[in-house]
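Happy to walk through this one with you.

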Amino acid sequence: MESRRDRDIVRDDALEATNYFFGVPGQPEELELTYNHDGRADEMGTAHGHIAIGVDDLDETLARLKEQGIAPEREPYSVRAGGSRLAFVRDPDGKFTIETEPKN
């Protein structure tokens, strides 16, 4: 895999985390890894520990999931002003959190 980019998450003027994006050369799919700078433990639904899946239409995706009985843990939101909207949902087994985020 190649390193494609990184993005800092700054909240209240403090560096909270950094997202690192990797991919296989010639393929659009990406693996996103997050390093939390503050040392806090992740809690399901409130943290960065998740599998991210990019979608073209977040609202349409959430509507299809709702038909299957899968609801977001909270309403879609943006991490930063002007950033992508995202929402966390649990997988059908309830073991992992999946993030749906529109592709940029």
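Q: In which strand is the place of Asn19?
A: This is a predicted model, where local features need pLDDT of at least 70, side-chain atom pairs count only at pLDDT 80 or more, and totals for chains, interfaces and linings use all residues. Residues are numbered from 1 along each chain as its sequence is written, and side-chain values use heavy atoms, with hydrogens and water left out. Strands (E, at least two residues) and helices (H or I, at least four) are DSSP runs numbered from the N terminus. The strand that holds Asn19, residues 14-23, is E2.

Q: Does Asn19 count as buried or exposed?
A: Buried means under 20% relative accessible area and exposed over 50%, with partly exposed in between (1.4 Å probe, protein chains only). Asn19 has 5% relative accessibility, so it counts as buried.

Q: Which side chain does a polar contact join to that of Asn19?
A: Contact means heavy atoms within 4.5 Å, and beyond its neighbours within four places in sequence Asn19 is in contact with Arg5, Asp6, Arg7, Ile9, Glu32, Leu33 and Thr34. A polar contact is a pair of N or O atoms within 3.5 Å; within protein, one must be able to donate a hydrogen and the other to accept it, and residues adjacent in sequence count only if both atoms are side-chain atoms. For Asn19 there is such a contact of 2.7 Å, and the partner side chain is that of Thr34.

Q: Which strands stand at the edges of the open sheet of 3 strands?
A: Two strands pair if DSSP finds at least two bridges between them. Strand E1 (residues 2-11) runs antiparallel to E2 with 9 bridges, and E2 pairs with E3 in the antiparallel sense over 6 bridges. The order of this open sheet is E1-E2-E3. Each edge strand has a single partner, so one side of each is left without a neighbour in the sheet; these strands are E1 and E3 (31-36).

Q: Which residue takes a positive phi in the hairpin of E1 and E2?
A: Within this strand pair, Glu2 has Gly23 of E2 as its bridge partner. The hairpin has 2 residues between the strands, and the positive phi, near 55°, belongs to Asp12.

Q: What arc do the buried residues of H1 cover around the axis?
A: In helix H1 (residues 58-67), the buried residues are Leu58, Thr61, Leu62 and Leu65. The arc is that of the directions from the helix axis to the C-beta atoms. These residues are on the same side of H1, because the arc they cover is only 95°.

Q: Which residue caps the N-terminal end of H1?
A: At its other end, H1 is followed by Gly69, with a positive phi near 80°. At the N-terminal end, a side-chain oxygen lies 3.2 Å from the backbone nitrogen of Asp59, and the capping residue is Asp57.
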